[in-house]
Amino acid sequence: MIGLIAATAAGRQAAAQLAEALRPEETRVYEGPVGEALRRAFGECSGLVCFLATGATVRLLAPLLAAEGSDKHGDPGVVCVDEARRFAVALVGGHEGGANALAARVGAALDALPVVTTATDVTSLPGLDTLGLPVTGDLAAVSRAMLDGAPVRLVGAERFPLPALPANVGPVAAADAPVVVVGDEVPGRHAGPAVHLFTPSLVVGVGASKGAPTDEILTLIREALADAGLSERAVHCLASVDAKAEEPGLLAAAAELGVPVRFFGAEELAGVAVPNPSAAPLDAVGTPSVAEAAALLGAGAAELLVPKRKSAPEGRAAMATVAVARRPARGRLAVVGLGPGARDLLTERARAELRRASVIVGLDQYVDQIRDLLRPGVRIEATGLGAEEERARSAVRLAQQGLAVALIGSGDAGVYAMASPALAEAGEDIDVVGVPGVTAAMAAASLLGAPLGHDHVSISLSDLHTPWEVIERRVRAAAESDLVVTFYNPRSRARDWQLPKALAILAEHRDAPATPVGIARAVSRPDEWHKVTTLAALDPAEVDMFTVVTVGNTASREIAGRFVTPRGYRWQE
């Protein structure tokens with residue numbers, strides 16, 4: 001819940017506008033004296049927006065931040081908006097409290113400028129508390145050392161695909177240097193300030209008798225982890241046999257830990273070789289092992305970190321068993337569509353993935369296009385035209401080494417771009433994230449009018465990788481099916497006859513003088529131009545490899561200079 005506090009009429013008006021812009025169930029306007037309103041909101045909300053001067057807000061917040069029980073890791077993020085709505089200032093809780101993100105949302109809603117002063121954000125360094133991992137330790141001291149350029153020792157980098165880090169963060173540093181530890185172990189002692197990032201790498205297999213108490217299961221899990229030096233914060237999931245899918249104690253234990261439960265069939269578990277098989281689960285659920293086999297299956301591991309151990313309740317028989325395995329480290333491959341070229345057509349998700357990566361792989365001209373968005377220290381693997389397959393293989397190979405890789409391409413990564421060659425190489429050993437982008441066809445359509453208002457198809461006229469006979473067959477099918485057709489790679493100096501041939505095929509099935517054709521070149525770039533003509537009047541000499549050509553169907557019309565394909569609604573007939 002986001003609490004909104006205002007003192008003036010203008011502030012109350014802005015608060016009402018913000019409440020309307022955000023989801024109504026997400027906001028609450030606090031009435032009454034601002035001091036009391038802020039105190040109530042501070043205890044009840046995850047975020048606050050104060051339509052007050054920053055000085056006044058600081059004075060009101062100070063006793064709350066100093067009060068017993070206040071915790072910077074749990075306090076709400078606070079944003080201040082000035083009387084003229086010019087600025088949305090993230091005042092308290094930039095990362096963990098969400099104030100930086102809230103300032104951006106408030107800025108977008110009120111057309112105000114978000115103001116963020118968090119040092120890592122303004123210097124393009126990744127905040128250690130923004131990586132999506134549980135974190136503990138002296139965050140301020142280690143982050144300050146990173147910012148100051150002081151040596152910071154990094155331990156366990158191979159266990160999680162981290163974003164690019166500055167050059168002063170690496171595996172070698174003095175023993176008393178600040179340290180960042182990545183892993184699933186309980187934090188140890190260090191001579192200098194330390195931050196621990198917990199990887200979600202532990203799978204706890206659980207066997208439970210019917211009616212096993214939650215406390216007995218939880219105590220056993222926690223003792224098993226602690227005795228092995230492993231952190232509860234690194235548990236990825238629990239795992240068990242599907243016969244226990246409704247077992248209340250098991251489900252409640254998972255809920256208490258905040259993790260899901262994976263269930264496996266008894267036959268699948270029985271096929272896993274384990275060190276401690278038993279007749280009891282074989283008789284009960286049909287597999288000689290639940291805890292050990294489920295841990296190994298859930299983790300995709302061959303060895304256990306903790307072999308099976310039983311609970312030890314006083315005065316009765318054990319009702320739970322657990323075992324622990326570790327998931328192998330997995331690299332991350334993001335296949336990112338950059339859109340047609342204009343910066344404002346690059347999606348926020350694409351920007352985030354570019355900053356999430358430690359390695360960028362792409363065509364050299366596309367790398368240059370986004371180079372200013374990359375974090376300091378990012379590794380760049382740029383190659384020229386014609387090296388698509390090598391780029392795909394390189395990106396996958398780097399991800400398999402455990403790195404965070406962004407493979408970039410223009411338009412949408414899945415449309416005549418790098419997603420298919422990359423995924424043809426990628427196995428199950430890496431995580432893959434697809435980031436959609438605005439395609440050239442979509443961007444061109446928005447210039448031309450509404451040519452894609454009904455069924456349509458895209459066809460590449462390049463016969464470098466596809467025989468012309470196949471391309472021609474597809475063009476004929478589109479023509480006979482009365483589809484709107486967008487041609488990619490329509491014409492080059494070496495391929496000047498394919499476009500006229502394709503247009504002639506379409507003309508066999510359409511009224512060429514009345515069929516609109518849109519030509520759009522260098523869409524969203526400084527030398528962009530476009531025109532709407534007809535199938536009969538189109539001059540192929542105006543077309544090159546930087547152009548997309550869209551040909552209408554038999555219902556398409558030019559209306560007020562715009563290319564329109566009716567959606568088919570009755571009122572349009």
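Start by selecting Tyr 416, which sits in the loop between β20 and α15. The element names come from DSSP runs, numbered from the N terminus: helices are H or I runs of at least four residues, strands are E runs of at least two. What you're looking at is a predicted model, where local features need pLDDT of at least 70, side-chain atom pairs count only at pLDDT 80 or more, and totals for chains, interfaces and linings use all residues. Residues are numbered from 1 along each chain as its sequence is written, and side-chain values use heavy atoms, with hydrogens and water left out.

Stay on Tyr 416 for a moment. Its phi is near 50°, a positive value in a residue other than glycine. Tyr 416 is partly exposed at 46% relative accessibility (buried is under 20% relative accessible area, exposed over 50%, partly exposed in between, with a 1.4 Å probe and protein chains only).

Next, hop to Asn 489, in the loop between β24 (484–488) and α18 (498–507). Asn 489 also has a positive phi, near 45°, and is partly exposed, with a relative accessible area of 24%.

Now for the space around them. The largest pocket holds about 1800 Å³. Its lining has 47 residues, and those closest to the centre are Tyr 366, Glu 388, Tyr 416, Asn 489 and Met 545. A pocket here is an open set of points on a 1 Å grid over the protein atoms alone, where a 1.4 Å probe fits, with protein on both sides within 12 Å along at least five of seven lines; lining residues have an atom within 4 Å of a point. Volume means the space filled by probe spheres set on the points, which are joined across faces, edges and corners. Colour α13 (364–370) and β27 (547–551), among the elements that each supply at least two lining residues.

Then move to the second largest pocket, about 750 Å³ in volume. Select Asp 121, Arg 351, Ala 352, Arg 355 and Arg 375: of its 23 lining residues, these are closest to the centre. Helix α12 gives the largest share of this lining, 7 residues.

Last stop: Cys 50. A disulfide needs a pair of cysteine sulfur atoms within 2.5 Å, and the whole structure has 0 of them. Cys 50 is buried, at 0% relative accessibility.
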